[in-house]
Amino acid sequence: MPFGVDEAGKGPALGSMFAAAVHVADPDALPEGIADSKRLVPERREELAATLREDDRIAVGVSEITPSLIDNPETDMNSLAVRAHAEAIEEMLEAVDVSADSSAPGLCDACDTDADRFARRVADACEPEYELEIEAEHGADDQDPIVGAASVVAKVERDASMAALADEYGPVGSGYPSDPTTRAFLESYVADHDSLPPFARESWSTCADVLADAEQTGLEQF
C-alpha cells in the first residue's frame, strides 16, 4: 500500500489522541526496523520518526484530537478516530500533491470492530477530490510496514505531547489509567485544585472517579 495510517492515545485518561499517515512511493525507502510502535523502545521510535520525516521520498501527515473534543457528548471515540485518520491523510496528501483525478490506495489500522465500516467512514470523511481507495485491517500496524511507520510517528507525537505536559505540571506518567504515576498525579492535582487538570479527559471514568473520591473525602472531613 502506498500509504498507511494509525493512531496513538485512544485509551488514556490524560492528553490528546494523535493519528499519523505515511505515504511511501517506494517501500524500499522505509528505514530498517519499522514495526508496531508498541514493540519499540522510545529512543528507537524517535530515531525512526526523524528518519521518516527527513526522507524526501516519504510524506507524513499528523492529526491531533484534544481532550475537549473527546469529552464532547455529541461524538464518540470511533467517530473521532475516523476524523483523526481522515485529517492525517489529507495533510499527508497535501505534501505529495495528489491531483484531483488520482487514485491513492491506503491501509488504516481499524479502530472499529467492523474494519470495512471503518474504512468506508474514513474514505467518506476525506475530501472527495482525492477519490481514495481505503482499506482497514485489525492489527495492520503489526502486519504492514507502512502502517507500522505511521504507528511510530503517531506514538512519537503522543509521547512528545505528554513530555511537554510533564515539563509544565510535573510527572504525569503515560496518561493511561493503569499507570500508577498517572493515577498519583491525578489524585494530587485534584486534592490541590479541587478540579481536574485541563488536559484530563473528564468523561473518562478514571478522571470522574478521582474527582468524586476527592469530593467525598472533603464532605467527610467537613
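Modeller: The protein has eight helices and five strands; helices (H or I, at least four residues) and strands (E, at least two) are DSSP runs, numbered from the N terminus. This is a predicted model, in which local features need pLDDT of at least 70 and side-chain atom pairs count only at pLDDT 80 or more, whereas totals for chains, interfaces and linings use all residues. Residues are numbered from 1 along each chain as its sequence is written, and side-chain values use heavy atoms, with hydrogens and water left out.

Biologist: In what order do the elements of the protein run from the N terminus on?

Modeller: The order is β-β-α-β-α-α-β-α-β-α-α-α-α.

Biologist: How many salt bridges does a search of the whole structure find?

Modeller: A salt bridge is a side-chain nitrogen of Lys or Arg within 4 Å of a carboxyl oxygen of Asp or Glu. The search of the whole structure finds nine salt bridges. One of them joins Glu 47 to Arg 44, with the closest N and O atoms 3.2 Å apart.

Biologist: Where do Glu 47 and Arg 44 lie relative to each other?

Modeller: Both belong to helix 1 (residues 42-54), and because they are three residues apart, about one helical turn separates them. For accessibility, buried means under 20% relative accessible area, exposed over 50%, and partly exposed in between (1.4 Å probe, protein chains only). Glu 47, at 47%, is partly exposed, and Arg 44, at 30%, is partly exposed.

Biologist: Which side chain meets Glu 87 in a salt bridge?

Modeller: The partner is Arg 83, at 3.0 Å from N to O. Glu 87 is partly exposed at 31% relative accessibility, and Arg 83 is partly exposed at 36%.

Biologist: Is Lys 155 buried or exposed?

Modeller: Lys 155 counts as buried, at 19% relative accessibility. Its side chain forms a salt bridge with Asp 159 (2.7 Å, N to O). Asp 159 is partly exposed, with a relative accessible area of 27%. Salt bridges that share partners also bring Arg 45 into one network with Lys 155 and Asp 159.

Biologist: What share of the 222 residues in the protein is buried?

Modeller: Buried residues make up 49% of the 222 residues. The C-alpha atoms fill a box of roughly 70 × 35 × 25 Å, taken along the principal axes.
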